[in-house]
Amino acid sequence: MPEPPWTHPVGVSAVLEQWQNSSAVRPLLAAERRLEPRAADFVPLPAELGSALGDALRRLGVQQLYRHQREAILAALAGRHVVVATPTASGKSLCFHLPVLRALQQDPTASALFVYPTKALSRDQEHNIGTLATQAGVASGAIVYDGDTAAEARRSAREKSRIVLTNPDMLHSGILPNHPRWARFFQGLRVVVLDELHTYRGVFGSHMAHVLARLGRVTRFHGSSPTYICATATIGNPEELAARLLAIDPAELCVIRESGAPSAARHLLIVNPPLVNEQVGIRASTLKLAVRLTSDLVRARVPTLVFAPSRNSVEVMLKYLRASVGDVAGNEALMGYRGGYLPDTRRAVERGLRDGQILCVVATNALELGIDIGDLDAVVCAGYPGSIAGTWQRFGRAGRRPAGTSLAVLVCSSSALDQFLARDPEYLLSAGAEQARIDPDNIEILIQHLKCAAFEAPFDLGGTGPRPAHAEPALGERYATLDTEATRQALEYLSGHGLVHQNAGRFYWAGEAFPANNVSLRNIGWDNFVIIDIGTNSSIAELDWRAAHTMLHEQAIYQHDAEQYQVERLDYENHKAFVRKVEPDYFTTALTYRSVNVLDENAVRTLGDAVIGWGEVKVEAKVTGYKKIKFFTHENAGYGDVHLPDMEMHTTSFWLTVPESTIEQLGARGLTRATVIDGLRGLGQALETVGTLALMCEPCDVNRTLGDGVLPGQQGGPPGDAAPGRDFRAGRTGHLNPTIFLFDAHPGGVGLAERMYERAQELLERARRLVAGCTCASGCPACVGPPEQGAGSRHVALELARELLGDSLTAAYPPSGP
């Protein structure tokens with residue numbers, strides 16, 4: 001009997017069937033896979049937890065544990081350092097909540113430190129640990145200590161709290177330099193929890209390794225030796241990452257990879273928008289297609305999380321979604337979540353998802369981490385996040401209920417990387433998660449934190465000076481990854497610069513400055529801009545300094561909760577934007593331009609036919625104007641000018657300049673200039689790939705651009721005078737030599753450019769070997785990236801490498817992988 005026409009199918013399965021039978025959706029499915037469900041592997045509550053904790057868990061509905069939870073808890077209770085590397089939503093929180101509370105039960109003086117990568121995550125977990133502690137009768141006094149914590153609450157955290165939840169930045173600059181005021185807490189410190197360990201990678205992770213080394217010195221100073229419990233999403237090397245962060249032997253770690261948590265059956269779809277211009281490869285709007293699919297899920301009452309590629313796209317998609325299904329679900333059940341929303345707004349959205357009052361949230365990667373948002377059944381990604389691990393992290397936000405079916409949808413964009421995945425979906429399905437790499441031995445980072453460590457407590461390398469009665473002997477003390485002699489030499493270097501004072505083998509801080517204030521862990525500077533609604537004279541949001549240039553310039557349409565505000569005045573000096581609520585039929589998007597200019601050449605030499613160098617550069621990013629884009633049709637409705645100061649960053653860069661003669665030689669073989677430039681761009685990507693691996697940093701730590709350079713001896717002077725870094729246009733003429741710039745993404749640089757210069761020959765050969773060893777036809781994310789100027793990008797990049805190096809280097813650098 002057919003369904004009545006007024007009914008609507010409900011649930012994931014109904015939506016899947018609808019799409020399968022839809023002539024509009026079915027042809028767009030580039031891939032469809034079903035991942036089978038996994039049953040739970042339950043085990044009894046361990047007796048080691050004690051009756052009070054066991055009874056508390058049962059009152060909260062937890063009658064038994066997953067096997068991996070029990071293994072982690074027992075290892076931690078035995079005093080072992082633990083790494084839990086199981087998928088998203090596998091119940092990792094209990095792996096550290098329960099050992100912590102047991103330690104606090106057994107010792108009334110014990111304390112625990114929880115470190116989360118973001119303030120939002122620590123606030124979220126404060127409630128969870130507090131609830132469990134209350135049920136177990138543990139007077140924990142759990143409190144968040146971050147930049148938003150009031151003065152009275154900060155005093156309470158230092159003097160009374162037994163559980164402190166914080167973030168790396170506050171630990172670095174707020175807690176460790178003031179550790180004497182935290183003496184009670186550090187003397188009783190039994191457990192340190194590091195959640196979302198996979199976020200500590202690249203330069204940020206290298207900084208974090210030193211923050212943890214300093215934490216270790218402070219705990220030893222106060223006579224404690226805590227157990228570390230680490231939790232991470234799926235990455236390729238959890239054991240190696242944890243060992244390097246904690247500066248311990250991997251054998252000291254108990255690593256748990258196998259999850260005992262159940263998972264629902266998951267349907268994975270890769271959807272490719274239809275071509276609207278086949279000649280240039282332009283496809284229909286990713287955002288609109290994602291909204292269309294999400295609307296079907298909302299109508300079927302499927303709790304859904306949509307990941308948007310930017311803050312602006314969050315608001316555009318939310319507006320479209322409310323226009324499409326707001327009358328069905330109610331606008332209050334369709335919400336946005338992104339950086340810039342005030343903390344109270346974000347927490348209200350999190351509560352709404354947990355309580356089931358909100359049916360769909362459109363978010364940036366701010367919801368990618370493990371904030372508790374309840375049980376979702378579908379995730380829609382508008383565009384590829386950029387990594388395999390990040391994609392599965394997002395997909396894992398749905399499907400926590402063992403019964404039923406969950407859905408993961410990737411809607412591709414027109415970008416070359418997304419189109420590669422649409423052509424070869426097995427890359428996403430079969431490639432393993434990326435490895436997380438850090439380099440605690442980076443000299444620039446090490447010296448910065450060595451100064452902080454000397455400020456926090458004197459170094460004792462053989463002296464007999466006073467020390468706390470309960471402190472362990474520190475004769476022959478070593479710092480982080482340095483041995484005792486290297487530590488002495490580094491401290492003597494600081495002594496030679498007047499920053500530490502040496503007396504009888506002890507090194508005391510002698511500088512006037514507060515060193516931690518001058519060390520940024522995340523390359524985040526400048527205060528936020530406050531956004532003030534003129535109509536209500538109230539603050540509605542805030543944005544970081546860099547985003548303010550693109551979203552808060554005068555006449556910009558600032559979007560907030562799917563409503564539009566026009567920026568009437570930007571008080572740049574005082575970091576305030578005054579906006580007025582409007583109802584335009586368009587939104588704005590900024591036009592930006594970036595250039596890299598060499599300020600000082602520290603070294604230049606030839607490498608085969610190429611000229612390489614490194615030095616100080618100025619990276620200029622300027623918002624030159626904005627476009628007005630019509631809602632729904634995405635037509636261009638006009639332009640406007642922007643007059644704001646440039647965003648400048650002084651850093652260091654490595655560069656490789658290819659002479660015009662090499663380009664002409666390849667042109668003589670029948671290759672167009674555009675194809676050669678595309679190959680050079682691909683070679684730059686391969687260099688960036690092997691460079692980040694060799695230097696143990698992340699792609700976000702090194703930025704790449706292709707610009708124009710002038711070789712030494714040519715008219716116009718050396719590259720430093722030629723303002724290299726202007727966007728290279730394939731059709732330009734004259735003595736302009738394409739130059740690959742790989743510059744340090746951190747102000748002032750952290751030594752990456754110099755090390756690339758020193759190892760340039762090795763890195764270029766490794767890049768050539770990487771490209772030559774790839775099995776793709778013309779380019780893929782694993783080598784040179786998908787081609788932008790037609791087929792053959794990989795072969796052209798390989799030809800360029802051979803022209804620059806010749807074949808003689810293979811013997812010098814035998815194949816060993818990138």
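Trainee: In which sense do strand β14 and strand β17 pair?
Mentor: Strands are DSSP runs of E with at least two residues and helices are runs of H or I with at least four, both numbered from the N terminus. Two strands pair if DSSP finds at least two bridges between them. Strand β14 (residues 304-307) and β17 have four bridges, and the sense of their pairing is parallel.

Trainee: What kind of model is this?
Mentor: Residues are numbered from 1 along each chain as its sequence is written, and side-chain values use heavy atoms, with hydrogens and water left out. Local features need pLDDT of at least 70, side-chain atom pairs count only at pLDDT 80 or more, and totals for chains, interfaces and linings use all residues; the model is predicted.

Trainee: How many residues of strand β17 are buried?
Mentor: Buried means under 20% relative accessible area, exposed over 50%, and partly exposed in between, with a 1.4 Å probe and protein chains only. A378, V380 and A382 point one way from β17, while V379 and C381 point the other way, and all are buried. For strand β17 (residues 378-382), which is mostly covered, the count of buried residues is five of five.

Trainee: What is the hand of the β-α-β crossover from β17 to β18?
Mentor: β17 and strand β18 (residues 405-411) pair in the parallel sense over five bridges, and C381 stands opposite L410. The chain passes through helix α14 (residues 388-395) between these strands. A crossover counts as right-handed if, with the strands pointing away from the viewer, the path from the first strand over the helix to the second runs clockwise. This crossover is right-handed.

Trainee: How are the rings of Y320 and F632 arranged as a pair?
Mentor: Rings of Phe, Tyr and Trp (its six-membered ring) pair if their centres lie within 6.5 Å; planes under 30 degrees apart are stacked, over 60 edge-to-face and the rest tilted. The structure holds 17 aromatic pairs. With centres 4.6 Å apart and planes at 25°, the pair of Y320 and F632 is stacked.

Trainee: How many residues apart in sequence are the parts that this pair ties together?
Mentor: Y320 is buried, with a relative accessible area of 5%, whereas F632 is partly exposed at 41%. Y320 lies in helix α12 (residues 311-329) and F632 in the loop between β28 (610-630) and β29 (636-641), so the separation in sequence is 312 residues.

Trainee: Which residue lies over the face of F459?
Mentor: F459 and Y479 form an edge-to-face pair, 6.1 Å centre to centre with 80° between the planes, and both are buried. A charge sits over a ring if NZ of Lys or CZ of Arg is within 6 Å of the ring centre and within 35 degrees of the ring normal. At 3.7 Å from the ring centre of F459, the residue over its face is R217.

Trainee: How far apart in space are V623 and G223, C-alpha to C-alpha?
Mentor: V623 lies in strand β28 and is buried, with a relative accessible area of 4%. V623 and G223 are 400 residues apart in sequence, and their distance in space is 53 Å.
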